[in-house]
Amino acid sequence: MIIEWSLNARPLRSEVSPFRKLLDYLRFDLKLLGTKEGCREGKCGACSIWVDGNPANACLILMGQLEGKNVTTIEGLNERDKFTPLQESFLTETAIECGFCVPGMVMTATALLEENSDPSRLQIRESLKGHLCACTGYQKILDAVEGVGLPPASEGRARMKAKR
Amino acid sequence: MEFLSPKYLSEAYDILDKRGDDLKICAGLTHLLRFYSDFPNELSHSYKGFLHVGELAALAECREENNRFSLGSTATISALAADPYLARYANAVLEAAAVTSTPQIRNRRTLGGEVAWGSYHSPLICALLAMEARVKVRFRGKSGAAGREETFELHELFVGETKRESKDGKVFESRNVKTKAQDLIVKFILPPQQSGGFSFFRALTPKIHTENSGVVVSVSGTAQNGTILSARMVASGIWMKTMEETLPLDGTRMSDSYIYERLYTFCDRYNFESVRRSGPPGGQLGLILFGLLKEGFSNMLGR
């Protein structure tokens, strides 16, 4: 089956089985390894991508469902060699240990921040409900999402003040 | 295995009439892909193909028709959770949509798929049952004849209980849905809005799972001049089968102490062992339900 879709703003024409999972197509056929393979059941959120700008689990989407859709992966989120403010904030807050869950978290949290630039802690928790992190613990991740708009860490005191 | 993804509803009807026997209708596919790890091979003995209706715009509309609000079967759960009219027509449905599963899944899962899967813990089934919604289904015609559409009460869609088993040993018990894989759920119709109508939804989710609720409860009713005229409750969940009851609140003043006293008496006297499936014993289920109802009414009264 030929699927016409767009990936990271590039139009694509893919000849692929409609039953192939998007996650497998991204990782094994296109070698886009930023989208992680976790539970394959939509529970861990490691494979989160955007379909038409909305977060979705790549493990729960078949290629046949993507005709005419715009898919964005973590690779499509960055400008060349440049982190997004949210990725910077993950580094600043040391919200990364093994980093396996981070691409998915960044995709979902970026979608949240695009919709609401100043979300409450509860809204952040709700939006990250579909993600599991086995090592960092969620508090630092919440801090990172909450701290996107804060002054950089180099302005330590100003940052602490803004946090309060 | 074939994957048919028609662009127009008439095309989908044609396909169903001509060769519906060996097809299974699907839309968001979140339930099927989660449950069957070897999808679609695990279902190849039952079906020769899938009819994907998730892209049919005609089935995704949510709109007001003849003073009733209808919800298209392929409307995504996140579309429902963001629908401004639902807050006015059916607060319970809006609240249920907002807590269904995870944001990623809400963006893909459709209302029709959620109902057709029949989970006891489904917030939306509970809310729609409490709202006394009706469902419109297009049943496939026999031996090539055109299909026929029927509208009936949503609770008539569920007949008994069913058990699904996957190849890797997962077992899932849920409500049995009377439609077959080739019968298309078209839309859900909410009853006309009554003056003084209210509804709410509450759930208790154990921390062991990110999605499934132990108990989900939804109440709809009417109140006028500070008095409740009627209130109907539907509860279900992982821990209990469907419980549909009229709450003994008619004539009760809209005051928390009066409402709580009657609710406590109701929950205390109800035989929860008859609806219990797993989890806490009946007495504790009663307390959980009382807590959820109390929270819902407190929220409604602005406490």
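This is a predicted model: local features need pLDDT of at least 70, side-chain atom pairs count only at pLDDT 80 or more; totals for chains, interfaces and linings use all residues.
Local features need pLDDT of at least 70 and side-chain atom pairs count only at pLDDT 80 or more, while totals for chains, interfaces and linings use all residues. Residues are numbered from 1 along each chain as its sequence is written, chains are lettered from A and ligands numbered from 1 in the order written, and side-chain values use heavy atoms, with hydrogens and water left out.

**View 1. Where chain A meets chain B.** The contact (heavy atoms within 4.5 Å) draws 28 residues from chain A and 25 residues from chain B. Together the chains bury about 2200 Å², 58% of it on carbon and sulfur atoms; that's the accessible area (1.4 Å probe) lost on putting two parts together, summed over both. On the chain A side, Phe19(A), Gln65(A) and Lys129(A) lose the most area to chain B, together 31% of what that side buries.

**View 2. A salt bridge between Lys170(B) and Glu41(A).** These two side chains meet at 3.2 Å, N to O. Between chain A and chain B the count is two salt bridges (a side-chain nitrogen of Lys or Arg within 4 Å of a carboxyl oxygen of Asp or Glu).

**View 3. Thr136(A) and its surroundings.** Thr136(A) counts as buried because its relative accessibility is 15% (buried means under 20% relative accessible area, 1.4 Å probe, protein chains only). Its side chain reaches the backbone nitrogen of Glu97(A) at 3.4 Å. Leaving out residues up to four places away in sequence, Thr136(A) touches Thr94(A), Ala95(A), Ile96(A), Glu97(A) and Ile141(A).

Methods: Buried means under 20% relative accessible area, exposed over 50%, partly exposed in between (1.4 Å probe, protein chains only). A polar contact is a pair of N or O atoms within 3.5 Å; within protein, one must be able to donate a hydrogen and the other to accept it, and residues adjacent in sequence count only if both atoms are side-chain atoms.
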